[in-house]
Amino acid sequence: MDVDGTSERMAAYLRDHHDKVVGRWSELVVAGVRGRTSREEVRRELEDLYTLVVRVLSGADDHAAGELTAALDELSRGRARDGFTPSETALGVFSLKEAVYELVADSAELVPEYLALTRMVDDLGLRTFETYSVTREQIISDQATAMLELSTPVVRLWDGIIAVPLVGTLDSARTQLVMEKLLDTLVATGADHAVIDITGVPTVDTEVAQHLLKTVSAARLLGAECTISGIRPQVAQTIVSLGIEFGDIATKATLADALALALRQAGLKVVPA
Amino acid sequence: MERVPILKIGEILFVSIQIDLQDDTVIRLQEDLADELGATGAHGVLIDITAVEIVDSFIGRMLTTIGSISRLFDAETVLVGMRPAVAITLTELGLSLGGVRTALNAEKGLELLNGKS
Amino acid sequence: MDELPIQSGDDVVRVRQFVRNAAADNGLSLVDQTKLVTAASELARNTLVHGRGGAARVETVKSANGRVGIKLYFTDEGPGIPDIGLALTDGWTTGTGLGLGLSGARRLVDEFELTSKPGAGTSVVVVKWSR
């Protein structure tokens with residue numbers, strides 16, 4: 001941002017025509033907003049930005065640039081969360097140029113000053129695009145976490161026997177969550193047997209097997225015994241061909257078989273009424 | 001240096017770790033337990049780590065060593081009350097507490113030890 | 001950034017508690033706190049026992065996309081590590097990894113950087129991010 005006489009003159013001009021420019025800028029932005037933000041809200045946001053733009057152009061203090069980007073990022077994040085497209089936000093910023101142009105169009109001597117302003121506003125508008133991406137990514141990541149939470153239930157099958165039906169891929173993030181929920185449930189219910197059902201896990205490769213082994217190890221540290229159920233025929237073949245060893249962990253074809261095993265180990269028997 | 005107290009309840013030596021373990025305290029506990037096992041002929045050792053927030057490699061090795069020492073005295077060791085966060089961390093570390101059985105709490109730990117004798 | 005001396009067993013305990021508080025204050029989950037403090041315990045002990053004493057520094061950091069993290073620095077002027085590859089092998093559980101606990105600590109954190117030269121001390125820098 002080169003601060004020679006040009007920018008300072010632009011800053012002075014903007015200061016002198018504050019109300020007119022902000023007013024016109026507001027109008028343009030409100031038109032684009034289409035009622036999703038109130039007129040007063042828009043005016044307030046733009047007033048803040050305008051003051052910061054003027055400060056940056058006048059080169060008055062070092063903090064102004066930092067404050068301007070912070071304010072712009074805040075605005076951009078808010079718009080992204082409210083469902084505005086990045087273009088809409090950027091256009092709102094760009095319309096400052098239009099508002100100023102309408103006033104300077106007749107005075108040829110302000111051309112270099114106006115150019116300085118447009119360069120600056122273009123940078124600001126582009127910046128809002130970047131902030132938009134970052135914000136959307138954060139939202140997606142938050143939603144993914146929420147979905148992960150919802151798809152990892154731990155259920156009580158019987159006194160002392162709990163089950164974790166896994167549905168979907170078992171990656172390291174999921175494994176962490178499964179371990180946490182499983183162990184917390186062991187503590188809360190005092191269970192000593194956990195059945196991990198993998199019927200809903202599409203592929204079991206070496207990585208998935210490692211994750212399962214880790215989960216079983218963790219549960220054993222809390223004194224619980226584990227059975228892995230839901231071994232489908234194709235999965236069994238893959239496991240053997242990959243040379244994966246489940247060691248002393250019991251594995252069963254179905255959840256029902258695993259429950260029967262757990263009941264036997266608990267010294268219980270199911271008899272007709 | 002703080003010392004972890006060892007209680008004898010019947011044939012079981014009961015240790016409840018309530019403090020932030022310094023290496024010296026850990027070594028002292030190992031020695032004290034060996035002494036007690038020799039002196040009392042206890043059949044079991046129950047170590048309650050419900051209050052322990054961190055088990056690192058040093059503490060983990062102590063627990064395994066205690067297990068080995070107990071076995072030499074024909075006693076069994078059970079570790080109870082491990083916190084979920086600690087269990088998950090230990091699993092990530094790849095630490096296996098070989099030779100030490102685990103139970104969810106002191107009650108279940110005692111069941112294990114008494115089942116043995 | 002806070003600096004903590006590591007010259008005794010008490011200091012190692014103090015480092016654990018400090019790191020625990022820093023992690024909790026910055027919103028790391030309980031499991032992540034435990035992992036970080038356990039790693040810090042390993043590294044602090046290393047600094048004390050193998051590095052013959054040194055210091056730890058704790059810093060709060062921010063990633064490009066706004067996540068908060070805890071950065072730990074462990075430095076000593078000890079004899080250094082002659083074979084870094086060996087030190088980082090998974091041998092410590094059976095006691096054959098030179099008892100350094102470094103490989104374990106590495107698994108518990110998100111970023112791990114080890115610099116060491118025989119005779120010129122050791123420096124380990126680790127980072128754990130909040131989710």
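Chain B and chain C meet through 18 residues of chain B and 21 residues of chain C, where two residues are in contact if their C-beta atoms, placed from the backbone, lie within 7 Å. The model is predicted: local features need pLDDT of at least 70, side-chain atom pairs count only at pLDDT 80 or more, and totals for chains, interfaces and linings use all residues. Residues are numbered from 1 along each chain as its sequence is written, while chains are lettered from A and ligands numbered from 1 in the order in which they are written.

**Where chain B touches chain C**

- On the chain B side, the elements that give two or more residues are helix H1 (23–40), helix H2 (57–72) and helix H3 (84–93); helices (H or I, at least four residues) and strands (E, at least two) are DSSP runs, numbered from the N terminus.
- H3(B) provides the largest share of the side of chain B that touches chain C, with 6 residues.
- Sorted by class, that side has 7 nonpolar, 5 polar and 6 charged residues. Here Ala, Val, Leu, Ile, Met, Phe, Trp, Tyr, Cys and Pro count as nonpolar, Asp, Glu, Lys and Arg as charged, and the others, Gly among them, as polar.

- A residue is buried if 20 or more other C-beta atoms lie within 10 Å of its own, exposed if 12 or fewer, and partly exposed in between, with C-beta atoms placed from the backbone.
- Both faces of E4(B) are covered, with Glu76(B), Val78(B) and Val80(B) buried on one side and Thr77(B) and Leu79(B) buried on the other.
- Strand E3 (residues 44–48) of chain B pairs with E4(B) in the parallel sense over 5 bridges; two strands pair if DSSP finds at least two bridges between them. Across this pairing, Gly44(B) stands opposite Glu76(B).
- E4(B) also pairs with strand E5 (residues 101–103) of chain B, in the parallel sense and over 3 bridges. Here Val78(B) stands opposite Arg101(B).
- The path from E4(B) through H3(B) to E5(B) is a right-handed β-α-β crossover, meaning that, with the strands pointing away from the viewer, the path from the first strand over the helix to the second runs clockwise.
- E3(B), H2(B) and E4(B) likewise make a right-handed β-α-β unit.

**A hairpin and a loop in chain B**

- Strand E1 (residues 6–9) and strand E2 (residues 12–16) of chain B run antiparallel and are joined by 4 bridges. Ile6(B) stands opposite Val15(B) in E2(B).
- This hairpin of E1(B) and E2(B) has 2 residues between the strands, and Gly10(B) takes a positive phi near 70 degrees.
- Ser96(B) lies in the loop between H3 and E5 of chain B. With 16 C-beta neighbours inside 10 Å, Ser96(B) counts as partly exposed.
- The C-alpha atoms of Ser96(B) and Gly60(B) are separated by 8.4 Å, and these residues are 36 residues apart along the chain.

**The sheet of chain C**

- In chain C, 5 strands form an open antiparallel sheet in the order E1-E2-E3-E5-E4.
- Strand E1 (2–6) and strand E4 (111–116) of chain C stand at the edges, each with a single partner strand, so one side of each has no neighbour in the sheet.
- The twist averages 15 degrees from one strand to the next.
- E1(C) and strand E2 (residues 54–62) of chain C pair in the antiparallel sense over 5 bridges, and Asp2(C) has Val58(C) as its bridge partner in E2(C).
- Helix H1 (residues 9–25) of chain C packs on the sheet, touching E1, E2 and strand E3 (68–76), and its direction makes about 155 degrees with that of E1(C). Axes are lines fitted to C-alpha atoms, for helices over the stretch in contact, and angles run from 0 to 180 degrees between N-to-C directions.
- Helix H2 (residues 30–49) of chain C also packs on the sheet, touching E1, E2, E3 and strand E5 (122–129), and its direction makes about 10 degrees with that of E3(C).

**The domains of chain A**

- Chain A is assigned domain 1 (5–145) and domain 2 (155–265); these bounds come from an automatic or database domain assignment.
- The centres of the two domains, taken over C-alpha atoms, are separated by 55 Å.
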